[in-house]
Amino acid sequence: MRIGIDLMGSESSPITLFEAVYLAAQKQRNVIFVVLATLPVVAKIRENSVFSSFLSQSPCRIEIYPISNVIEMDDEPVISVREKKKSSLVTGLRLIRKKRLNGFVSAGNTGALIAGATLLIPMLPGIKRPALLATLPTERGDVVVIDVGGNVSCKARHLVCFAQMGAAYQRCCLGIEKPKVGLLNIGLESKKGTSEIRRAYQLLQDLQLKTKNKMNFIGNVEGRGVFEGCVDVLVTDGFTGNVLLKSSEGVSVFLLKQLKNSLKDIPQQQAETILKQLHDEFDYEEYSGAIVCGIDSVVVKCHGKSSSQAMLNGINGAIELVQNDFISQLKQELNVENL
């Protein structure tokens, strides 16, 4: 298995991201990691005695793929993909298309990653536009949220495709036979929301009747109901989904800090146990990034400010998707839905 890792273009140091590759390579013995970085970054990696020693001892475990330019966070997505063809992000996607990589992980420009994936990689059957799929913890298990940043604005038909992909993901990855699907809205009534949201509501009702009990569309869901675990799949446009995702990240960090202050008066070991349990469940860095869902390849988008731990989780998530033959399973599920 060959997994590509983009070290460039994020808000994190490339050395911080390479630390995740180093940690992954120590444990994943059957994976070759292909690192995409500029020559100055490669030089800094080799200057680090720990990294340099590992590279010399295990030369076949990590391959360095030098690139000549970088798509920055503030670059215009489509233009940068077309003009910076030798960037780490575009090069990684091209290697995926040529089957020289089994998976690709990036913490770079989200818009460019989505645009590049759309332009360079075939779509799955029946899917016209890829979306970012992420998971959030709830009272009743993880909920899939789609889209969380791939598409700022969506037509009703796009939201229906997102629902199909989210439900297919839950069936093939978590074994939920008939996932409950909800449409994120400002109210529960079918007439609430924009015209596209209202249209999507009707189309999802119609789809439920045609998909042979493959999903259960329960209607609209308000933001406060998401974390109660009322749905397995939450459908929304990328703008709203990204606001929800980042707001929940901020709230979880705030609550963990507040709780840490509140536990000062109990025994240290007990406090640390409680905090670790909550940290593992609610810290967004413990989740394995967002999947670029809808393309015929495994591509994972990590947080733009990823720590080495967050990047490591993204890498491990990509490896798991490849090992579980996620794309083939998703194709099969989508074909079933489109019968």
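1. Buried here means under 20% relative accessible area, exposed over 50%, and partly exposed in between, with a 1.4 Å probe and protein chains only. The model is predicted, so that local features need pLDDT of at least 70 and side-chain atom pairs count only at pLDDT 80 or more, while totals for chains, interfaces and linings use all residues. Residues are numbered from 1 along each chain as its sequence is written, and side-chain values use heavy atoms, with hydrogens and water left out.

2. Leu312 counts as buried because its relative accessibility is 12%. This residue lies in helix H12 (residues 308-323); helices (H or I, at least four residues) are DSSP runs, numbered from the N terminus. Leu312 is 291 residues from Val21 in sequence, yet their C-alpha atoms are 6.8 Å apart. Leaving aside residues up to four places away in sequence, Leu312 is in contact (heavy atoms within 4.5 Å) with Ala20, Leu23 and Ala24.

3. The axes of helix H1 (residues 14-27) and H12 come within 8 Å and cross at roughly 50 degrees. Axes are lines fitted to C-alpha atoms, for helices over the stretch in contact, and angles run from 0 to 180 degrees between N-to-C directions. H1 and H12 are therefore oblique to each other, the class left after under 35 degrees (roughly parallel), over 145 (roughly antiparallel) and 65 to 115 (roughly perpendicular). From H1, Thr16, Leu17, Glu19, Ala20, Val21, Leu23 and Ala24 meet Ser308, Met311, Leu312 and Ile315 of H12.

4. The largest nonpolar core has 105 residues, and Leu7, Phe18, Phe33 and Ile315 have the most contacts inside it. Such a core is a set of buried Ala, Val, Leu, Ile, Met, Phe, Trp, Tyr and Cys residues joined through side-chain atoms within 4.5 Å. Helix H7 (residues 156-174) supplies the largest share of this core, eleven residues. Among the residues that Leu7 touches, not counting those up to four places away in sequence, are Phe18, Val21 and Ile45.

5. H7 also packs against helix H8 (residues 195-210), at an angle of about 45 degrees and with the axes 8 Å apart. These two helices, H7 and H8, are therefore oblique to each other. The contact includes Leu159, Val160 and Ala163 of H7, and Ile197, Ala200 and Leu203 of H8.

6. Helix H5 (residues 88-97) is mostly covered, with eight of its ten residues buried. Among the buried residues of H5 are Ser88, Thr91 and Gly92. Lys99, which follows H5, has a positive phi, near 65 degrees.
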